[in-house]
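Welcome! Please take a look at the structure below before reading on.

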Amino acid sequence: SLMSTPPPERVAVKTYVSAFSRESALSAIKLELKRGGQVFYVVPRIKAIDDVLQFLKDSLPDVPMAIAHGKKVSKNIQLAMEKFSCGEIKILVCTHIIESGIDIPNANTMIVQYAELFGLAQLYQLRGRVGRSGREGFTYLFYTDKSLLSRIAMDRLGAIEEHSDLGQGFHVAEKDMGIRGFGSMFGEQQSGDVANVGIDLFFDMLFDSLSKVDHFRLKPIPYKDVQLDINISPHLSSEYISYLENPVELLNEAAKAAEQDIWNLMQFTEDLRRQYGKEPRDMELLLKKLYVRRMAADLGISRIYPSGKMIIMKTNMNRKVFRLMEETMASETHRNSLSFTGKEIKAELLVNLPDTLLLNWLFHCLADCYAIMPALVRY
């Protein structure tokens with residue numbers, strides 16, 4: 001189903017696409033200011049804001065202006081938006097940070113410079129920031145030089161200009177999919193790059209590209225294959241056992257959760273604390289053993305054992321994955337202690353740690369390594 005009925009009194013935003021000229025931009029701004037309105041002036045890059053702001057101040061020295069972009073302090077952005085919202089600021093020079101969540105009825109003209117650098121969905125969202133009252137809105141999409149536009153950029157600008165009536169969101173999305181290469185869900189017809197090269201060649205190219213990803217690929221191993229050679233066998237106190245409703249079943253649930261995945265284990269821990277409060281030391285050690293084995297399995301570590309002041313972790317990961325993981329670790333202590341040799345990750349500690357402290361160190365170190373998981377491709 002489509003929601004194609006606009007709010008009462010809403011008027012379609014007029015969209016103009018043309019090459020940029022200072023005269024055209026100033027004419028549009030002056031027209032809006034003359035009718036008592038406000039203007040968004042949008043650029044795709046933060047570094048372009050200073051030049052635009054200087055041009056506007058030279059041309060319109062008496063008009064109050066402000067800037068907004070993602071690198072500004074949030075309090076400054078909030079202050080600028082509040083002043084713009086209440087009408088103190090007449091021109092807001094900004095990036096596409098304003099593409100959603102902004103509703104200022106009196107701002108009804110938008111200038112988008114370097115429009116060819118925006119995606120079609122971005123342009124559609126930006127245009128939706130103006131014309132949000134009964135007053136007619138205007139969006140001016142200025143590109144740099146038509147001779148430098150790519151075919152895709154021309155298609156995007158043409159689509160946003162063509163679909164300027166109210167309730168055109170679905171059609172814009174459909175056009176965007178066609179430009180970017182989606183095919184038909186219910187048939188063999190293809191669009192974009194697939195149509196250009198053919199489906200067979202496209203998949204050959206796709207699999208060739210995926211084969212290169214193997215260099216940055218983590219290969220998890222089954223949880224049951226992880227060997228943790230740390231001599232810790234925590235014994236729950238009789239007091240805590242009597243406090244638990246069914247301790248044997250609870251421990252079995254913990255083991256099953258760890259075997260499934262890290263999220264099930266985290267959910268089990270949360271449920272345990274919600275029902276029985278913070279666990280005692282022995283239960284904490286038991287849970288940490290499960291967490292260490294679970295994280296090791298996901299990281300491709302098959303065995304962990306101490307050797308003097310060293311902790312050795314046998315792994316199937318390659319050096320490139322290790323380096324990427326090492327560079328993104330938050331803890332400098334963990335990062336500086338690790339080294340990679342052959343198929344082993346070695347952690348050099350300053351002193352021999354007792355087994356309980358060793359388990360705690362491993363827990364925090366592997367958690368630090370685990371933080372990089374979303375950035376690595378896993379199959």
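This is a predicted model: local features need pLDDT of at least 70, side-chain atom pairs count only at pLDDT 80 or more; totals for chains, interfaces and linings use all residues.

Residues are numbered from 1 along each chain as its sequence is written, and side-chain values use heavy atoms, with hydrogens and water left out.

**Overall make-up**

- The protein has 15 helices and 13 strands; helices (H or I, at least four residues) and strands (E, at least two) are DSSP runs, numbered from the N terminus.
- Of its 379 residues, 40% count as buried, where buried means under 20% relative accessible area, exposed means over 50%, and partly exposed is in between (1.4 Å probe, protein chains only).
- Contact means heavy atoms within 4.5 Å. Among contacts between residues at least 6 apart in sequence, 74% join residues at least 24 apart.

- Five strands make up an open sheet with mixed pairing, in the order β8-β9-β10-β12-β11; two strands pair if DSSP finds at least two bridges between them.
- At the edges are β8 (227-228) and β11 (338-341), each of which pairs on one side only.
- Strands β10 (residues 310-315) and β12 (residues 344-348) are paired in the antiparallel sense over five bridges, and Ile311 has Ala347 in β12 as its bridge partner.
- Helix α12 packs on this sheet and touches β8 and β9 (301-307), with its direction at about 125° to that of β9. For such angles, axes are lines fitted to C-alpha atoms, for helices over the stretch in contact, and the values run from 0 to 180 degrees between N-to-C directions.
- Helix α15 also packs on the sheet, touching β8, β9, β10, β11 and β12, and its direction makes about 45° with that of β10.

**Aromatic rings**

- Rings of Phe, Tyr and Trp (its six-membered ring) pair if their centres lie within 6.5 Å; planes under 30 degrees apart count as stacked, over 60 as edge-to-face and the rest as tilted. By this rule there are nine aromatic pairs.
- Phe138 and Tyr140 form a stacked pair, at 6.4 Å centre to centre with 20° between the planes, and both residues are buried.
- Tyr291 and Phe363 have ring centres 5.9 Å apart and planes at 85°, so this pair is edge-to-face. Tyr291 lies in α12 (residues 281-298) and Phe363 in α15 (residues 355-370), so the pair ties together parts that are 72 residues apart in sequence. Both of these residues are buried.
- One aromatic cluster is formed by Tyr16, Phe20, Phe138, Tyr140 and Phe142.
- A charge sits over a ring if NZ of Lys or CZ of Arg is within 6 Å of the ring centre and within 35 degrees of the ring normal. Arg293 lies over the face of Tyr223, at 4.4 Å from the ring centre, and Arg303 lies over the face of Tyr305, at 4.1 Å.

**His69 and the cysteines**

- Where is His69 found? It is in the loop between β3 (65-68) and α3 (74-85).
- His69 is buried, with a relative accessible area of 11%. Leaving aside neighbours within four places in sequence, His69 is in contact with Ile46, Ile49, Ile77, Thr95 and Ile97.
- The structure holds zero disulfides, a disulfide being a pair of cysteine sulfur atoms within 2.5 Å.
- The sulfur of Cys369 has its closest cysteine sulfur in Cys365, 4.5 Å away, which is too far for a bond.
- Cys369 counts as buried at 4% relative accessibility, whereas Cys86 counts as exposed at 51%.
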